[in-house]
Amino acid sequence: MDVYVLRLGHRIGRDQRISTHVALTARAFGAKGVYFDKYDERLFSSVKKVVETWGGDFFIQNVEWRKLLRSFDGIKVHLTMYGVPFVEKIEEIRKSERILVVVGAEKVPREVYEICDFNVSIGLQPHSEVSALAVFLDRLLEGVVFSLEFKNAKLKIIPSERGKKVLSLRVTKNDDTSDRV
Ligand SMILES: C[S@@+](CC[C@H](N)C(=O)[O-])C[C@H]1O[C@@H](n2cnc3c(N)ncnc32)[C@H](O)[C@@H]1O
């Protein structure tokens, strides 16, 4: 199943940190890429740097959101506290091979509720696009966050009870196998 994220309403400067967290959460929890309705140089380059360092082929791209929502080949799921509980719709949503999940910032235009195939809530209380996205992806992709491997990483964490263990990896030319340095 291929999952993509559309982050709506990013405000340059003000939302830099939370939008970065939306993108990094999308990547770490198994989405293929994230679309933004605005181009923010700082945000885009910091996410690309994470991908270069930690691997994988996650993309970040800016789009005209209406065009994307109208042309997306798959189902569109909008996360909103006003929606139907996600657990009631998960089986139906899982039937699709391609899913675009939409998260907002402030007020999401009415049109989004109409264009999307599902408007689902992660609890009926206001919280955050980052937490909503994490719970949605974790449930949908059945905990893939715990086993994902990212190709061509320069750094890899060795889990440890205490402290920080990080392996430095070298990617050899014409070959995507990595060697320990
Ligand atoms: C600051 S919140 C705004 C809350 C907003 N009034 C709403 O419609 O959910 C920003 C984004 O977080 C997500 N969000 C917040 N709480 C949520 C919840 N309980 N369920 C699903 N998504 C939520 C939504 O995507 C929302 O656009």
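Biologist: What counts as a contact here, and which residues does Val 144 touch, not counting residues up to four places away in sequence?

Modeller: Contact means heavy atoms within 4.5 Å. The model is predicted. Val 144 sits in the loop between helix 6 and strand 7 (155-157). Leaving out residues up to four places away in sequence, Val 144 touches Phe 29 and Gly 30.

Biologist: Is Val 144 buried, partly exposed or exposed, and what is its relative accessible area?

Modeller: Buried means under 20% and exposed means over 50%, with partly exposed in between. Val 144 therefore counts as partly exposed, with a relative accessible area of 24%.

Biologist: How far apart are the C-alpha atoms of Val 144 and Ala 28?

Modeller: Along the chain, Val 144 and Ala 28 are 116 residues apart.

Biologist: How many residues surround the ligand, and which are the closest?

Modeller: The shell holds 18 residues. By class, 10 are nonpolar, seven polar and one charged. The closest are Leu 79, Ala 105, Ile 122, Gly 123 and Gln 125.

Biologist: Which residue has a polar backbone atom 2.9 Å from a nitrogen atom of the ligand?

Modeller: Start with the ligand's oxygen atoms. One lies 2.6 Å from a backbone N or O atom of Leu 79. An oxygen atom of the ligand is also 3.1 Å from a polar backbone atom of Gly 104. For the nitrogen atom at 2.9 Å, the residue is Ile 122.

Biologist: How much of the ligand's exposed area does the protein bury?

Modeller: Taken alone, the ligand exposes 530 Å². Of that, the protein buries 86%.

Biologist: Which element gives the largest share of the shell around the ligand?

Modeller: Two elements give two or more residues to the shell: strand 4 and helix 6. The largest share is four residues, and it comes from strand 4.

Biologist: Where does Ala 105 lie, and which residues does it touch, not counting those up to four places away in sequence?

Modeller: Ala 105 lies in the loop between strand 5 and helix 5 (110-115). Ala 105 is partly exposed because its relative accessibility is 26%. Its C-alpha is 7.2 Å from that of Glu 129, 24 residues away in sequence. Beyond four places in sequence, Ala 105 touches Arg 7, Leu 8, Gly 9, Asp 15 and Glu 129.

Biologist: What span should helix 6 have, and how far apart are its end C-alpha atoms?

Modeller: Helix 6 covers residues 129-140, which makes 12 residues.

Biologist: What covers the buried residues of helix 6?

Modeller: The buried residues include Val 130, Leu 133, Phe 136 and Leu 140. Their cover includes strand 1 (2-7), helix 1 (16-28), strand 4 (75-85), helix 4 and strand 5.

Biologist: Which residue's side-chain oxygen reaches the backbone nitrogen of Val 130?

Modeller: This pair lies at the start of helix 6. The oxygen comes to within 2.9 Å of that nitrogen, and it belongs to Ser 128.

Biologist: Is Ser 96 buried or exposed, and which residue's backbone oxygen lies 2.9 Å from its side chain?

Modeller: Ser 96 lies in the loop between helix 4 (86-94) and strand 5 (98-103). Its relative accessibility is 14%, so Ser 96 counts as buried. Away from its sequence neighbours within four places, Ser 96 is in contact with Met 1, Gly 74 and Ile 75. The backbone oxygen 2.9 Å from a polar atom of its side chain belongs to Arg 98.

Definitions and conventions. Residues numbered from 1 in each chain as written. Predicted model: local features only at pLDDT ≥ 70, side-chain atom pairs only at ≥ 80, totals over all residues. Heavy atoms only, no water. Buried < 20%, exposed > 50% of the residue type's maximum accessible area, 1.4 Å probe, protein only. Polar contact = N/O pair within 3.5 Å; in protein donor to acceptor, adjacent residues only side chain to side chain. Expected span 1.5 Å × (residues − 1). Near = heavy atom within 4 Å. Areas by Shrake-Rupley, 256 points an atom, 1.4 Å probe, with all protein chains shown as cover. Nonpolar A, V, L, I, M, F, W, Y, C, P; charged D, E, K, R; others polar.
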